[in-house]
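Subject: The structure I promised you

Hi,

Here is the structure we talked about. Have a look at it first, then read on for my notes.

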Amino acid sequence: MDSPAWQSEEMTITKFHELLHIDPSIGPKLVKKYLEAIKQHDGTLKALITINNAALETAIEKITETVTLNETNKPFPPLHSVPIILKDNYSTADLPTSAGVKALQNLRTKDDSEVVSQLRAAGAIILAKANLHEFALQGITLSSLGGQTLNPYDKTRTPGGSSGGTGAALAANFGLVGCGTDTMNSLRSPASSCGIVGFRPSTGRVSCVGIVPVSQTQDTAGPMGRSVADVRILYGVMKRPDGRDGDDSMEGSEAIHRSGRQVRLGVLEAYFQPEMHADGTVEMEYIAENQIVRDIIRLSLDSIQEQDSDITLVPIAPSSHPDWSYGTLLAKADTQAFEFKHYLDEFLQSPLVSSTHRSLESIAQSGDFNPQAMTHVFSAALEDPETFSLTSEAYRSRLEYVAALKESVKQCFDKYDLDAIVYPHQTRLPVKIGAKKQSGRNGVLAALTGRPAICIPAGRSPKTASAALGIPVGLELMGRRWGDDELLDIAERAEGILKGRVVAALY
């Protein structure tokens, strides 16, 4: 049969490995399937920057290993022959690493980033490197090197970001699983917009060494996939062998272990409301989209509570905690503008990096970037180096605010005896192509407090002329510090009830 039944399905890691036990040639066949899909559709979607021309050859070479493991009845490595999409800020010794920036299109590194080394050691095949919002600084996935990535569910809209290339690629079935990074929202925004799963681990759980940095305080790398099960497997490979980094080694786990399957989810009511302009106004289109999102998330929560009697929903009133709004946290706690230049320059000047540009200032002077994709983070330290530095009083004040924020969130969890809190990741649909930013995102709370957070598909908006299936809406769960595995357990239970993943119609 020319088109085996498995080719019409969305592949999972577990299913793929089951098939490899039956037929080792399935490995190269799957890579070919993905490459054909990329060739057919990525000219439109612009999800990818670089295709690994050696991927198919690597898959063919792995047949011998597969046969040996089958004959000796030994288990496969966790990512054996799995084709992976990497966001193009992960350093790879055999492929360029651009961060989406035209000025860095020829940047090479002598070694893989630490996490890529772990992926390869677990058997992964790097299939391609994905477009991202330039320097990973915003949420619409526009870059000077990769162009504007489109949303597979509605090509008039963005795919979220900054890991939007990875998100769109997985939604379009260009790869089995993928990796992104998250400084504010960047793993979860594309997950919400593209109907997939994006997981931000506790900060420090996954190494960022060798990944183009934005903010040491807020950056983390994490897995993306079409199911929580796949994300869990990928996360198991990505995380540090010791589980956390040295800076947080003295922090005890907040994870609690209830008897049986009991779970208490706090419904963060403040995060259902639309994001206001400074003058207190909201566009009419946003208000309408916000109502759609709220309805979907409320129905999802009702379904979870109705179908799993061991999950209790606990309303968290806005008056019961400090102001955790995006506007407030961006203004008082976000560290990106203070850290970006310092850590990017440090990366570019590393002896492992070969690049024409060795500093942010050099890139800025070259003009080889997309000004429309840039944010205040790009220019801040160049225009005002005294304020936007690691030694300024303003930076110290932000770190103090972050410390207080962590404590206020911990108090909320303790007060209501919560395992996780839940809310819509975005209070509106992904913005239209041409918008300068994605407003209404709620990922900043996890990013600043270092807590694990995961976004899963909750449903889709009503169908329109440009969105035949509707536009995905994501449900976010934020857990206890270091409670990554417990949060994945909760997300998998919710996913099993909601069954929100629907294959994108690309034709």
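Below is what I found, from the whole chain down to single residues.

A quick word on the ground rules. This is a predicted model, so local features need pLDDT of at least 70 and side-chain atom pairs count only at pLDDT 80 or more, while totals for chains, interfaces and linings use all residues. Residues are numbered from 1 along each chain as its sequence is written, and side-chain values use heavy atoms, with hydrogens and water left out.

**The whole chain**

The protein chain holds 15 helices and 15 strands. Both are DSSP runs numbered from the N terminus: helices are H or I with at least four residues, strands are E with at least two. Along its principal axes, the C-alpha trace spans about 60 × 60 × 50 Å. Contact means heavy atoms within 4.5 Å. Among contacts with a separation of 6 or more, 77% are between residues 24 or more positions apart.

**The sheet**

Now for the strands. An open sheet is formed by 11 strands, in the order β1-β4-β2-β7-β9-β8-β14-β15-β13-β10-β11, with mixed pairing. Two strands pair if DSSP finds at least two bridges between them. β1 and β11 (311-316) are the edge strands, each pairing on one side only. From one strand to the next, the twist averages 30°.

Start at the β1 end. β1 and β4 are antiparallel, with 3 bridges, and Ile51 stands opposite Ala128 in β4. β4 itself is mostly covered, with 6 of its 6 residues buried. β4 also runs parallel to β2, joined by 5 bridges. Then β2 and β7 pair in the parallel sense over 3 bridges. Look for Ile84 here: Ile126 is its bridge partner in β4, and Val177 stands opposite Ile84 in β7. Helix α7 (residues 228-238) packs on the sheet, touching β2, β7, β8 (197-200), β9 and β14 (453-460), and its direction makes about 145° with that of β9.

**A covered helix**

Is helix α5 (residues 164-171) mostly covered or mostly open? Mostly covered: 8 of its 8 residues are buried, including Gly164, Thr166 and Leu170. The cover includes β1 (48-51), β2 (83-87), β4 (125-130), β7 (177-182), α6 (188-194) and β9 (220-225). Just after α5, Asn173 takes a positive phi of about 60°.

**Two crossing helices**

Finally, at what angle do the axes of α8 and α15 cross? The axes of α8 (residues 284-307) and α15 (residues 484-498) cross at roughly 100° and come within 9 Å. Axes are lines fitted to C-alpha atoms, for helices over the stretch in contact, and angles run from 0 to 180 degrees between N-to-C directions. So α8 is roughly perpendicular to α15, a label that covers 65 to 115 degrees. Ser300, Ser303, Ile304 and Gln307 of α8 meet Ala494, Ile497 and Leu498 of α15.

Enjoy exploring!

Note on methods. Parallel < 35°, antiparallel > 145°, perpendicular 65-115°, else oblique. Buried < 20%, exposed > 50% of the residue type's maximum accessible area, 1.4 Å probe, protein only.
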